[in-house]
Amino acid sequence: MTKCLFSSGFEDLAKTLTELNMPAFRANQVRDWIFKKFVFSFDEMSNISESDIKKLKEVYSKILPPVEKYLVDKADQTGKALIKLSDGELIEAVAIPGNNTMTFCLSTQVGCPVKCLFCRTGKQGFTRNLSAEEIVLQVMVLVKKTGKKPTNIVYMGMGEPFFNSEELYRSIDILTDPKGLGLATRRITISTSGHVQGILELINRPGEVNLAVSLHVANDDARDKLVPMNKKFPLDVLKKALTEYCSKTGRRVTMEVVLLKNTNDQYNDLMNLINFCEGLIVHVNLVRFNNFKECEFEAASDKNEKEFKKELKKAGIAVTVRSSHGQNILAACGQLSGKTQKD
Ligand code: SAH
Ligand code: SF4
């Protein structure tokens, strides 16, 4: 049975080369074609002999897995790829063009076990973790589709990255390897729903990977419901970890807050948020809620959003309002589910 190179992994490639009596340097040649020249077909690898290409093709039917669908939002050119993995599972990866930037948003799991109430991925439930290769192949699929290299990577697709730390960091190592894409760690952001062990581990990692925390609300009762990760790591524990993160790394944490009508958009929610940010190096990102069919929430009013922005600024906290990308193709935050239809 033939397989896909990326889904099987590069260790498998090295083993396969030995079995096929090919020199070990072939693996580096193949990697070079893929990561440096963005060539995704063995036939185009001109420094590999025809007979070796034939042998490779007998083992690997493809380099990248099939893309079931690729949708582009006409309004903002955001592209979403629906990728079919070797076991038939579907994952999504999103390319967000900006002014002189190209941000790729990657998934780390099929579905998500955290089950935040306002998130479409959470509603889907959890199937499995992705391997590092399955994370990296999303980048390659998007490079192929957009014809551009990413300037930034955000781990904000499907899944909780810190529930899959080992493969997450292995994927970062591949993406930052000078022999690969050679991305700078400061161009990479991990978004977590508040996995404290993951945050503490990040402090001691080499490099300058950025951290975003999906806080949403700074009251334990409300957060227990909205972001069930809070039951495992309540706010005082989270704050302690973030304080340590800021003091040890000197890096700024992005606090993501999706404002939901009558849920976390009231005056006391604002005060709790300001209170939580005190003493931390933070930047609050007010994210527009993206609706989807089976969700009971509504976005907060523009008035409340403006009020939050004004008061956070007044309290000396940096704040931005994140415009939504790819809403028309369900590619915006929290809309990913491995399905493209609207229901
Ligand atoms: N699991 C990680 C990363 C993926 S979710 C996390 O939760 O941080 C990426 C971002 O999308 C998070 O900030 C999440 O809170 C946000 N999000 C989820 N559902 C959303 C929705 N319906 N509208 C807007 N943002 C949403
Ligand atoms: Fe999982 Fe993040 Fe969605 Fe919560 S918001 S269910 S942590 S993907």
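A: Happy to! This is a predicted model, in which local features need pLDDT of at least 70 and side-chain atom pairs count only at pLDDT 80 or more, while totals for chains, interfaces and linings use all residues. Residues are numbered from 1 along each chain as its sequence is written, chains are lettered from A and ligands numbered from 1 in the order in which they are written, and side-chain values use heavy atoms, with hydrogens and water left out.

Let's begin with the shell of ligand 1. There are 20 residues around this ligand, and Phe118, Gly159, Ser191, Ser214 and His216 come nearest (a residue is near a molecule if one of its heavy atoms lies within 4 Å of it). By class, the shell holds eight nonpolar, nine polar and three charged residues. Here Ala, Val, Leu, Ile, Met, Phe, Trp, Tyr, Cys and Pro count as nonpolar, Asp, Glu, Lys and Arg as charged, and the others, Gly among them, as polar.

Now for the polar contacts, which are pairs of N or O atoms within 3.5 Å; within protein, one must be able to donate a hydrogen and the other to accept it, and residues adjacent in sequence count only if both atoms are side-chain atoms. A polar side-chain atom of Ser214 lies 2.5 Å from an oxygen atom of ligand 1. The side chain of His216 has an N or O atom 2.7 Å from an oxygen atom of the ligand. Taken alone, ligand 1 exposes 530 Å², and the protein buries 96% of that (areas come from the Shrake-Rupley method with a 1.4 Å probe; for residues, only the protein chains shown count as cover). The elements giving two or more residues to this shell are β10 (188–192) and β12 (253–258). Such helices (H or I, at least four residues) and strands (E, at least two) are DSSP runs, numbered from the N terminus.

Next comes ligand 2. Its surroundings are Cys112, Val114, Lys115, Cys116, Cys119, Gly122, Gly159 and Ser193. By class, that makes four nonpolar, three polar and one charged.

Let's move to Asn164, in the loop between β9 (152–155) and α7 (165–176). Asn164 is buried, with a relative accessible area of 5% (buried means under 20%, exposed over 50%, partly exposed in between, with a 1.4 Å probe and protein chains only). Its side chain reaches the backbone oxygen of Thr108 at 2.9 Å. Leaving aside neighbours within four places in sequence, Asn164 is in contact with Thr108, Gln109, Asn129, Leu130 and Ile135, where contact means heavy atoms within 4.5 Å.

Glu311, in helix α13 (residues 302–314), is also worth a look. Glu311 counts as buried because its relative accessible area is 15%. Not counting residues up to four places away in sequence, Glu311 touches Leu270 and Ile274.

Finally, consider the backbone. Most residues other than glycine have a negative phi. Phe38, in the loop between α3 (25–35) and α4 (50–59), has a positive phi, near 50 degrees. Gln77, in the loop between β3 (67–72) and β4 (79–84), also has a positive phi, near 65 degrees.
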